[in-house]
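Visitor: I would like to learn how to read a model like this one. Where do we begin?

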Amino acid sequence: MSSRLLKLSAAALLGSVLFASAPAFAEAVLHRGNAGEPQTLDQAQTSINIEAFILKDLYEGLTIYDAAGKIIPGAAESWTLSDDGVTYTFKLRENAKWSDGTPVTAQDFEFSFKRVEDPKTAAKYANILYPIKNAEAINNGKAEIATLGVKAVDDKTLEVTLERPTPFFLELLAHQTALPVSKASVEKNGADFVKPGTMVSNGAFKLVSHVPNDSLVVEKNEHHWDAANTKLDKVIFYPIDDQAASVRRFEAKEMDLVFNFSADQIERLRGSYKDQVHVSPTLATYYYVFDGSQAPYDDVRVRNALSMAVDRDFLAKEIYSGSQIPAYSLVPPGMATYGEPSKASFAEMSQLDREDKALELMKEAGYGEGGKPLEIEIRYNTNPNHERVATAVADMWKNTFNAKVTMTNLDVSSHYAYLQEGGKFNVARAGWVADYADAENFLALNLSTNKTFNYGKYNNPEFDALMKKSYEEENPEARSKLLHEAEALLSRDQPVAPLLTQADLWLVSNRVSGWEDNAANEHLSRFLSVSE
Amino acid sequence: MLAFVLRRLASAVPTLFIVVTISFFLMRFAPGGPFNLERPLPPATMENIMRTYQLDQPLWRQYVTYITNAVQGDFGPSYIYKDNSVAELIGKGLPYSMELGLYALLLALIGGVTLGTIAALRQNSLLDFSIMSLATVGTTIPNFVVGPVLTLIFAIVLSMLPAGGWGDGSLRFLLLPMIALALPQLAVFARLTRGSMIEALHADHIRTARAYGLPPRIVVITHAMRGALLPVVSYLAPCAAALMTGSAVVETIFTIPGIGRYFVLGALNRDYTLVMGTVVLIAIFVIVFNLVVDLIYGLLDPRVRHD
Amino acid sequence: MTDIVTNPAPTQPENPDTKSRSLFQLAALRFRRNKAAMAGCVMMVLIALFSYIGPFFVPHSYDQVYSSYVSVGPSLEPRPDEASLEDAMRGVATRARVNLDEFNVEGQAFTATLSAESPIDPRATRYFDRANEFNNTQVVATENDGRVLKVEGNVSREYFFFGTDPNGRDMLARVMLGGQISIAVGLLASLVSLGIGVLYGATSGYLGGRVDNVMMRFVEILYSLPFVFLVVVLVVFFGRSFILIFLVIGAVEWLDMARIVRGQTLALKRREFVGAAQALGLSDWQIIRRHIIPNTIGPVIVFVTVVVPKVILLESFLSFLGLGVQAPLTSWGALISEGASNIQSAPWLLIFPAIFFVATLFSLNFIGDGLRDALDPKDR
């Protein structure tokens with residue numbers, strides 16, 4: 001019996017290997033690698049970029065990012081801002097429709113925004129819409145939902161009132177949390193409105209099927225107002241979290257786009273695929289934070305010395321194969337509303353001078369050679385790249401200060417739980433990706449009142465005061481100046497040592513046209529097309 | 001026999017209960033929770049979420065709620081994959097894992113026993129040596145090496161087979177993951193078979209049978225095989241349970257939409273309900289396969305009686 | 001095969017002539033005659049020597065970063081080679097923000113002429129010493145108001161027989177360290193699982209009935225426990241110590257062993273010699289120890305040769321999840337999993353640890369087979 005089974009399976013195997021052939025597609029299909037399984041397709045629950053890529057293809061917010069990463073009108077055709085800077089009036093497109101053919105209304109947006117701020121929804125990114133009047137109070141259960149500053153004036157006119165002028169509000173509206181849901185669908189289907197077959201969306205595509213960890217298929221939405229210009233018939237998202245596996249599937253020509261691959265592959269891939277390898281700097285900073293409540297890290301000289309001794313060029317060039325940029329400021333460069341960030345004083349020094357200065361500072365502080373012994377523990381979350389950075393930094397601190405450096409890594413959940421709950425440490429890795437293109441998003445991490453985000457327990461009243469002023473400042477230039485002053489304090493005190501400005505790595509097949517690298521890392525499929 | 005099966009199944013209920021209880025509390029000892037992310041949540045948001053998932057209640061109450069719901073077949077929502085309940089996730093993934101696992105098991109079992117028997121019959125020959133060396137290589141090379149090497153050769157260099165995905169579920173797609181999954185187990189089966197087969201061939205009744213001049217093939221298949229398969233059958237239960245509940249490594253490398261990854265992902269992300277769901281599933285598989293194996297034992301060796 | 005019953009105590013001499021021929025010595029004799037097994041032993045010893053003694057002969061430590069040699073391939077020639085020296089010097093000059101006008105190498109020494117728009121800080125020589133390629137750089141002449149600098153120094157050559165990893169660490173030293181950890185974890189964890197599993201399985205199978213039922217239910221419960229969580233919790237509570245890792249792995253791996261031994265025991269206990277021993281009035285414990293356990297040795301040893309690689313692989317799976325030995329320590333499993341993701345760009349990261357890994361497991365298998373043949377009491 002066993003041998004017959006063997007023969008049978010061998011025959012079946014041979015047959016399927018020989019006779020299976022790829023079906024010919026007449027339609028334009030984009031095979032889009034997505035770096036992991038989306039955890040949700042609910043705009044109120046979403047929190048990660050791989051969900052954003054899918055959601056923004058399915059839905060269209062009031063504003064959207066174009067192929068170059070600039071804010072352009074989306075579901076809203078135009079808008080006006082009141083003179084006091086707190087009331088936006090959005091005019092929705094007359095021909096904006098849901099995928100079931102019903103019109104997209106201002107009521108849908110009102111419903112969506114209220115849904116996000118409702119404490120019962122427990123939206124992860126509820127704070128994205130906090131600039132809207134009463135949003136924060138509602139989300140914290142201190143005000144009625146009806147008081148939210150969003151009002152549908154008529155079917156196509158939406159009025160949004162803000163707490164205070166917020167220069168980056170249009171950016172926030174392009175975030176996936178601000179995407180609309182169909183009021184009718186959510187009221188009818190409840191939590192199931194996200195399921196294929198049920199989902200009603202207003203973007204260029206509509207959801208067809210979703211097999212977790214295998215594929216998510218979206219098809220062109222004929223009811224989209226700009227459907228005539230959508231060149232793709234179908235987009236298949238492949239949720240592959242194994243970076244090496246997605247590169248292999250790209251090389252086997254099974255995928256046209258790959259988001260995120262291991263930096264040490266860059267050189268080889270550039271050799272084989274040349275300009276199909278895309279590296280685009282993004283608004284994200286990789287940094288080490290010092291625990292300011294612990295000696296010797298409560299000493300500004302020690303923090304500065306340690307920060308200076310890190311050869312960021314080596315990290316960027318050798319560890320990340322040139323795919324990252326040395327960073328000397330917490331706010332990454334390339335922020336349109338902010339301009340050049342306030343870098344640390346040692347940014348312009350050569351690495352040797354930095355090391356001399358670092359030794360000097362360390363000596364003053366009484367540590368290192370001839371002083372108290374320096375024992376440093378670097379904590380990082382488990383990841384090969386983080387381990388390589390930690391290894392290199394450990395070696396630099398060993399060589400420069402003759403310090404004893406140990407490394408400790410924990411899985412991502414334990415690592416951040418420890419930091420967020422105020423655990424004691426020496427030096428820990430952290431990273432921040434901009435939620436919206438504004439310096440405030442980075443600087444607020446160091447407010448002394450920000451118990452969760454401020455891992456290093458940095459407490460500088462002067463800094464807090466400057467930030468407070470910036471929130472009240474309406475003039476964009478004056479506000480930018482205040483933020484720069486605040487950042488200068490950070491750069492002086494080095495509660496965190498910014499190491500690298502991160503870049504997004506993409507593989508874009510030659511089949512794909514319409515691709516533009518951008519710092520916002522926004523790539524709507526509707527602007528892309530494929531050739532056969 | 002039936003009474004034996006029923007008794008075993010009845011005794012599985014307390015086993016499951018203990019497993020669920022231990023894992024429930026064990027899990028909560030681990031630091032961090034499902035919502036400790038790289039991007040920390042503001043305290044107010046965190047509170048909203050904890051309330052929604054009833055994680056703000058005392059542990060014992062959460063436990064009682066969980067058990068009450070689980071008994072009614074409700075394993076709760078997944079904390080990470082929020083659009084799905086745990087039952088839905090497992091329901092969607094399990095058929096893929098089981099199908100792939102079953103193929104891999106058949107390949108490993110048939111291939112392993114055949115190779116092991118051949119090696120035993122030609123003990124110490126070149127053939128024996130080659131088979132055993134191959135089997136050793138099979139056990140020694142981890143599947144996170146076999147997987148990428150296979151795809152490199154067959155998908156990228158030769159462009160013969162797909163580099164991953166379930167596709168239409170045809171053997172074209174399943175062949176490489178199946179081999180990667182089966183190889184280490186095939187080698188184990190081969191070694192176990194060879195070892196016990198040699199022993200069985202030296203046993204008195206086999207020598208007697210041979211001395212009577214029975215054809216070697218009959219002796220091997222009808223007499224020696226029975227005894228020789230006992231260790232193989234012992235190993236079958238854990239092996240089948242492991243293969244059919246999916247492999248995190250193989251499923252990740254070949255992007256198979258099975259449930260193998262849920263256990264690891266769930267554990268690392270503290271998706272308590274998802275882990276509990278997979279724990280219950282694995283427990284059921286282990287119990288069922290052990291029962292099956294004990295029944296096979298009875299068939300192979302009349303001296304083992306289920307009384 | 002009944003001789004075992006007439007030899008109740010293997011070490012007890014029956015008469016002076018056969019004193020030296022105890023069961024154990026017979027087995028040792030047979031084992032020594034097995035060429036494959038002896039080859040395996042020799043191989044194992046060599047690999048152990050390589051891993052444990054080797055580091056004393058390698059000038060690089062396992063955690064030292066050679067920033068000039070990130071991800072360089074394996075080579076028997078010293079690095080840098082002549083061709084890359086000038087590139088290296090050019091790179092250094094760029095970092096020191098000076099121009100390289102002239103560069104010569106003679107044997108172990110080099111001379112270079114540097115120039116710049118403004119006077120060069122003599123400290124610039126430190127840039128040369130910082131690079132792994134050069135040392136003892138000194139200024140020999142200053143010209144043109146310090147705008148031109150002549151320097152000389154030594155070329156420092158390093159051997160990286162196995163290449164370096166993406167951090168610029170010597171793979172040879174790392175493979176040795178990985179061997180130390182992997183061999184130790186593999187052996188210790190297997191011993192732990194062997195000890196628990198054999199005792200447990202034999203007891204359960206021999207006693208049978210309700211005891212067997214309860215004991216096996218316990219095994220089933222443990223089987224179904226979330227191993228990853230168990231390890232996460234233990235690691236967090238007790239820190240990521242090496243001892244903990246092999247204890248945890250051993251404590252999980254004994255389950256298979258217990259099942260196999262129990263299966264064997266179920267069959268054995270119906271055999272005549274066990275009945276005879278019972279008739280002789282031996283206690284249960286004596287029968288388990290003298291008759292059951294020795295007769296399960298064949299499958300058990302075969303299984304141990306399976307467990308050792310499994311343990312070593314399991315350890316690598318843990319490392320992969322970040323729960324293995326703490327970096328910068330490493331193990332073969334961790335090195336291999338790192339190498340597997342770099343197959344195309346840096347194959348040596350996979351090849352060298354894999355060679356040692358496979359060779360070790362091969363040797364262990366041959367030793368296991370040899371032991372099985374030698375210890376089999378029926379094969380006399």
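Guide: Begin with a definition. A nonpolar core is a set of buried Ala, Val, Leu, Ile, Met, Phe, Trp, Tyr and Cys residues joined through C-beta atoms within 7 Å. Keep in mind that this is a predicted model.

Visitor: Which residues touch the most other members of the largest nonpolar core?

Guide: The general idea comes before the case. In soluble globular proteins, nonpolar side chains tend to be buried together. Here the largest nonpolar core holds 344 residues. Leu129(A), Trp397(A) and Ala104(B) touch the most other members. Helix α7 (residues 171-201) of chain B gives the largest share of this core, 19 residues. There is also a second, separate core of 17 residues, with Ala93(C) and Phe110(C) among them.

Visitor: What is Leu129(A) in contact with, leaving aside its neighbours within four places in sequence?

Guide: Its partners include Phe113(A), Val116(A) and Glu117(A). Further along the chain A sequence, Leu129(A) also contacts Ala135(A), Leu172(A), Thr177(A) and Ala178(A).

Visitor: How many residues does the contact take from chain A and from chain B?

Guide: It takes 48 residues from chain A and 47 from chain B. On the chain A side, α1 (2-19), α7 (243-251) and α13 (412-420) each supply at least two residues. That side divides into 23 nonpolar, 15 polar and ten charged residues.

Visitor: What is the secondary structure of chain B?

Guide: Chain B has twelve helices and zero strands. Its C-alpha trace spans about 85 × 60 × 30 Å along the principal axes. Of its 307 residues, 54% count as buried. Take the contacts in chain B with a separation of 6 or more: residues 24 or more positions apart account for 72% of them.

Visitor: Which elements of chain B have the lowest and the highest mean pLDDT?

Guide: First, the caution. Where pLDDT is low, the predicted coordinates should not be read in detail. Chain B averages a pLDDT of 84, and 98% of the residues score at least 70. Helix α8 (residues 204-211) of chain B has the lowest mean, 77. Helix α4 (residues 86-121) of chain B has the highest, 92.

Notes
Residues are numbered from 1 along each chain as its sequence is written. Chains are lettered from A and ligands numbered from 1 in the order in which they are written. This is a predicted model: local features need pLDDT of at least 70, side-chain atom pairs count only at pLDDT 80 or more; totals for chains, interfaces and linings use all residues. Two residues are in contact if their C-beta atoms, placed from the backbone, lie within 7 Å. Helices (H or I, at least four residues) and strands (E, at least two) are DSSP runs, numbered from the N terminus. Ala, Val, Leu, Ile, Met, Phe, Trp, Tyr, Cys and Pro count as nonpolar, Asp, Glu, Lys and Arg as charged, and the others, Gly among them, as polar. A residue is buried if 20 or more other C-beta atoms lie within 10 Å of its own, exposed if 12 or fewer, and partly exposed in between; C-beta atoms are placed from the backbone. pLDDT is the predictor's confidence in each residue, from 0 to 100.
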